[in-house]
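How is each residue placed, and what lies around it?

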Amino acid sequence: MLQCIFLLSDSGEVMLEKQLTGHRVDRSICDWFWDQSISQGDSFKPVIASPTHYLFQVVQEGITFLACTQVEMPPLMGIEFLCRVADVLSEYLGGLNEDVIKDNFVIVYELLDEMIDNGFPLTTEPNILREMIAPPNIVSKVLSVVTGNSSNVSDTLPGATGSCVPWRAADPKYANNEVYVDLVEEMDAVINRDGVLVKCEIYGEVQVNSHLSGLPDLTLSFANPSILDDVRFHPCVRFRPWESHQLLSFVPPDGEFKLMSYRVKKLKSTPIYVKPQLTSDAGKCRVNVLVGIKNDPGKTIDSITLQFQLPPCILSADLTSNHGTVNILSNKICSWSIGRIPKDKAPSLTGTLVLETELERLHVFPTFRVGFRIMGVALSGLQIDKLDLKTVPNRLYKGFRALTRAGEFEVRS
Amino acid sequence: MAPPAQSQRSPSPSQPSGKSEVSDLKLQLRQLAGSRAPGVDDSKRELFKKVISYMTVGIDVSSLFGEMVMCSATSDIVLKKMCYLYVGNYAKVNPDLALLTINFLQRDCNDEDPMIRGLALRSLCSLRVANFVEYLVGPLGSGLKDSNSYVRMVAVIGVLKLYHISASTCVDADFPSILKHLMLNDSDTQVVANCLSALQEIWSAEASTSEEASREREALISKPVIYYLLNRIREFSEWAQCLVLELVTKYVPSDSSEIFDIMNLLEDRLQHANGAVVLATIKVFLHLTLSMTDVHQQVYERIKAPLLTLVSSGSPEQSYAVLSHLHLLVMRAPYIFSSDYKHFYCQYNEPSYVKRLKLEMLTAVANESNTYEIVTELCEYAANVDIPIARESIRAVGKIALQQYDVNAIVDRLLQFLEMEKDYVTAEALVLVKDLLRKYPQWSHDCIAVVGNISSKNVQEPKAKAALIWMLGEYSQDMQDAPYILESLVENWDEEHSAEVRLHLLTAVMKCFFKRPPETQNALGTALAAGIADFHQDVHDRALFYYRILQYNVSVAERVVNPPKQAVSVFADTQSSEIKDRIFDEFNSLSVVYQKPSYMFTDKEHRGPFEFSDELGNLSIGGEAADNVVSAQRVEENDKDLLLTTSEKEETRGSSNNGSAYTAPYDGSSTSVFALQTHIESAISNPTAADHSPQASLAIDDLLGLGLPAAPAPPSPQLKLNTTAALDPSTFQHKWRQLPVALSQVCLNTQ
């Protein structure tokens, strides 16, 4: 049972407060919270105990969502709920920041009212909420000017609240029926000091954008479902067909949603290599980093970036590259954006770091964080076989895409 | 929204805080109240918005109550919503004026639009003014029978709100039994879920006074109800599923086939996108199979993948909550997770609390097959930019070394740490090498060679210094310079601020004295003199004790201070298995995140565990009891090396916790009895502390001349007691073992 939800700005100001039960939570808890947050910095945990309440916090796009309770409850429930609130608000308001929340606080109140009552979460399905409370988009603003009816609440209740497909709004109608399926994968990898790939796995999502009339029943199959290590589904996915034949059978929500997420473990190689070399001697450290293609995925690898934090004991750094641009930011983060790897040469970053006067050698070694993006390839090897509709509407368009990007891709030196 | 007293605190510079704006609004609202002109709704809306925004930033706008209510007659739903919001906030402070709103809310409860009916009912129940309960019963009754599920859903929660305002009204109107009927028959699952949560709360509260309520509460976890809910579980919203699953954990199935039925039914919940549902399901699985060992194992295998996926997806906050649960399971059954150790590798930009949990798990899952990789990985963290994590990783290496049989490679790594020339790395490594030597004395040769090269001037941290001093004392026969290093440390006695280091120094000098008397004699005299003059009670006592035992008999002293030691086989666990079981029972609750069972943090309402751990941290230097509490509770923030804590206990209390540590050929109890005696003795002599100084100076003269036979008389009566010691070692140890437990319980009770 959550008792109260606060929204705090990035300077700790209370932007919004929603009391949920009869036990009012005093606003002063936010001051306590903010003091703690400043004093503990990075090690501030998401679930903490204040002198009077237990607090859950989630930070998204600079906004802190803070929930208070005095009774025992599943911590993940509190945190999941706050994450959903943040997601829904961000979707409604087109991103989160202090101004947008202050401008739209009435909508935020309305949303919170429908999402949680008496401290217990009700519905967090964006589709349903959108039926109850219209998002403040440009279209509705224009409409309100034209028609003079500026209510942002639809007149009807969502039909789905009573149906057995709670995620789908009542029969939408489209002139063009479209469904897009995207495979979006993130590669997490750790390469250790000796250049050994210690860990490499893919976290992937199947994102669907569906604009289909009526109550469509879809079946999606993969060519090689056996490579998946673990899967999680949107509530719309029927369990039995997956269990027996690895088929995703579902009635989709309208619009964009995440159909499934999966994990593929123990990949053998990465598409690119990064070879850092640091040799220090007499108060100076020579840096040499080489980047190149290791396993050609068949499509262009672009937006390659490399970032690392210079150790605090470094006085100055002089780094140059033969390709791309190198920037050293004020917080001692060095960022090298490479873009695409040219055909004729291997990009390299070279230079020297000057250490603090009493230091001979470097003891703290930076970790290089690599970013890249490959359009058109799912590096896990997962392939969509086909997507079927039980009743095919006229003028149906199906689209498939794939994308792999670097997740937590680290190279230690 | 905040009470008036707070209103001055938060307004930002751009926000008006004065009264003039509020009275201005009041005027404008009044003008609009009676108007029926076209477009009046739009201007009302602007005004309402202003009022609400003032309320949001914390300005007290309760004085506008009357005007707001007057303006509330409108068909515009946004205006209505803002009005409900306002009324809900200020009704409690303005009960008289709030009466005015009842009328229009009741009217709205009969509106033809179900949305308005629902909203009005919700606001009506949220007024929470005790005098109004009579107005609630009617609308609630018809709300529960409403044809629209949205209204029913709101009405059910309304009943619960009514119950909290006036329990008797709620029960008299027979609402609980209506809810029960709805719960079992309504077509809308959200209504069912709301009924369930309302009934749980109402009947739990009533159970203490009414037989029937407690029977009803029991009935909620009866087979028909549970099966009814389980069969519809897929229709429930994800949050309602959590509620149902929580209820299912309380259900006790009659036989194993029932257990398997439930688990089969719920298996697909493990693949739900909502992490809260997954964890709730896992809890059901773990609890159902608790008595079936082999199935329980399979459950661990089954839930492993979903948990690991949950950790790697989602926001850092979510993965922390999952990780805390995973941590609990890993600690319970490390061997099941030993092949997944790579999942516990730390990522560079993870918050340090996540890294810390991961390090503990890496330590736990280390076994013969993966130790090499894990230790290699951990060593990379030692060069981490994040110093606390670097320290933690070194400790983890040490802990792995202590739990492994093949420590060859690990010892080399630790010794490499000592050569890394970073003060904190050296400090941590020293502490570890000390623990390692206590368990594997056979490594002493290799270690001592490296330790001998470390200059004691580079070691500043008390724990590391204490460890170094311990090694100097223990292995003084192998280290050429030991007596001289000790001597220089003794000379700087006054600059040593940590009592722990001074205690260790005293003991080390004693040990060294027995091994190399001529070289140490000088240092011992200085140390004892400084120790006896020390302001710290423990240091003073120990110095006095050493002095008297030397006076009594040098060979007895040697046996006490420097007995042959057997390697420590197991270091005492810091958290009892009972506590761990309690936390496990409270799976999927805050207990897991705090790593304490709920009774440890919920019985004290107004002081969080945070303050309370700080306080204990301060106490821990002096009292052993407090020390025990800290280790029992395992407060994470407390940056105490747990291994060292246990070793200190051992050092200071003889054979209390680790009976196996000393298997002296002589009667083991004598150490303890001596220790006890000095305690008693000093307690007796404490009030007359003044007469210590002449005694002490006398004693030192004796010592320097080694004129022990000519001992002054006073201590002898106490020492005689020793010969007739009535306690045998086992009873004594038994008593000691009981002591800290009892003390820690007392501490807990008083908090």
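## Cysteine sulfurs

The closest cysteine sulfur to that of B:C379 belongs to B:C346 and lies 13 Å away, which is too far for a bond. In this predicted model, local features need pLDDT of at least 70 and side-chain atom pairs count only at pLDDT 80 or more, whereas totals for chains, interfaces and linings use all residues. Residues are numbered from 1 along each chain as its sequence is written, chains are lettered from A and ligands numbered from 1 in the order in which they are written, and side-chain values use heavy atoms, with hydrogens and water left out.

For A:C30, the closest cysteine sulfur is that of A:C68, at 6.6 Å, again too far for a bond. With a disulfide taken as a pair of cysteine sulfur atoms within 2.5 Å, the count over all chains is zero.

## Burial of the cysteines

Relative accessible area (1.4 Å probe, protein chains only) classes a residue as buried under 20%, exposed over 50% and partly exposed in between. B:C379 is buried at 14%, and A:C30 is buried at 1%.

A:R401 belongs to strand β23 of chain A, residues 396-412, where strands (E, at least two residues) are DSSP runs numbered from the N terminus. A:R401 is exposed, its relative accessible area being 56%, and its C-alpha atom is 23 Å from that of A:I341, 60 residues apart along the chain.

Setting aside neighbours within four places in sequence, A:R401 is in contact with A:V181, A:D182 and A:L183, contact meaning heavy atoms within 4.5 Å. The side chains of A:R401 and A:D182 make a polar contact at 2.9 Å; such a contact is a pair of N or O atoms within 3.5 Å, where within protein one must be able to donate a hydrogen and the other to accept it, and residues adjacent in sequence count only if both atoms are side-chain atoms.

Methods. Helices (H or I, at least four residues) and strands (E, at least two) are DSSP runs, numbered from the N terminus.
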